[in-house]
Amino acid sequence: MIGSIAAVLTTGAFVPQVIKVIKIKDTSALSLGMYSMQICGVFLWLIHGIHIKDVALIGANNITFLLSLIILTYKI
């Protein structure tokens, strides 16, 4: 239960940033290095979740990966 709540909160934290980036299309204040590292780290957590068959870990990191990828795409 705690892990699921944590997953919802940490994944949901990216939603306002994605909405703002899509609306204003300005990523100058965002770090390319940070989002590159974020994508790599979340992808590895996703692989780990798949390996241990943890649905909460897979779901949260899959969504976080996609949200971070949207931001990174706009940044690039």
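**A lysine in a loop**

I began with Lys53, which counts as exposed at 69% relative accessibility. My cut-offs are these: buried means under 20% relative accessible area, exposed means over 50%, and partly exposed is in between, with a 1.4 Å probe and protein chains only. Lys53 sits in the loop between H3 and H4. I looked up its backbone angle too: phi of Lys53 is near 60°, a positive value in a residue other than glycine. Most residues other than glycine have a negative phi.

I found another such case at Lys25, which has a positive phi of about 55° although it is not a glycine. Lys25 lies in the loop between H2 and H3. Lys25 is exposed, with a relative accessible area of 57%.

**What I am looking at**

I note that this is a predicted model, in which local features need pLDDT of at least 70, side-chain atom pairs count only at pLDDT 80 or more, and totals for chains, interfaces and linings use all residues. Residues are numbered from 1 along each chain as its sequence is written, and side-chain values use heavy atoms, with hydrogens and water left out.

I checked confidence next; pLDDT is the predictor's confidence in each residue, from 0 to 100. The mean pLDDT of the protein is 92, and 100% of its residues reach 70 or more. Among the elements, H3 has the highest mean pLDDT (95) and H1 the lowest (88).

**Overall layout**

I counted elements as DSSP runs numbered from the N terminus: helices are H or I of at least four residues, and strands are E of at least two. The protein has 4 helices and 0 strands. Along the sequence I read the pattern α-α-α-α. The C-alpha trace spans about 35 × 20 × 15 Å along its principal axes. Of the 76 residues in the protein, 29% are buried.

**Helix packing**

How do H3 and H4 pack, and at what angle? I found that helix H3 (residues 32–52) packs with helix H4 (residues 55–75) at an angle of about 155°, and that their axes are 9 Å apart. Axes here are lines fitted to C-alpha atoms, for helices over the stretch in contact, and angles run from 0 to 180 degrees between N-to-C directions. That angle makes H3 roughly antiparallel to H4. Angles under 35 degrees count as roughly parallel, over 145 as roughly antiparallel, 65 to 115 as roughly perpendicular and the rest as oblique.

H3 passes H4 in a left-handed crossing. A crossing is left-handed if the near helix is turned anticlockwise from the far one by less than a right angle, and right-handed if clockwise. I sorted the contact of H3 with H4 by class and got 15 nonpolar, 8 polar and 1 charged residues. Ala, Val, Leu, Ile, Met, Phe, Trp, Tyr, Cys and Pro count as nonpolar, Asp, Glu, Lys and Arg as charged, and the others, Gly among them, as polar.

I then turned to H2 and H4, which pack at an angle of about 30° with their axes 10 Å apart. That makes H2 roughly parallel to H4. H2 passes H4 in a left-handed crossing.

**Aromatic pairs**

How many aromatic pairs does a search of the whole structure find? I got 2 aromatic pairs. Rings of Phe, Tyr and Trp (its six-membered ring) pair if their centres lie within 6.5 Å; planes under 30 degrees apart count as stacked, over 60 as edge-to-face and the rest as tilted.

Phe14 and Tyr35 form an edge-to-face pair, 6.5 Å centre to centre with 75° between the planes. The pair links distant parts of the chain, 21 residues apart: Phe14 is in the loop between H1 and H2, and Tyr35 is in helix H3. Phe14 and Tyr35 are both buried.

Phe43 and Phe65 form a tilted pair, 5.8 Å centre to centre with 45° between the planes. Phe43 is in helix H3 and Phe65 in helix H4, 22 residues apart. Phe43 is partly exposed, with a relative accessible area of 39%, whereas Phe65 is buried at 18%.

**Two last residues**

Is Ala13 buried or exposed? Ala13 is exposed, with a relative accessible area of 52%. I placed Ala13 in the loop between helix H1 (2–12) and helix H2 (15–24). Ile39 is in helix H3, and at 11% relative accessibility Ile39 counts as buried.
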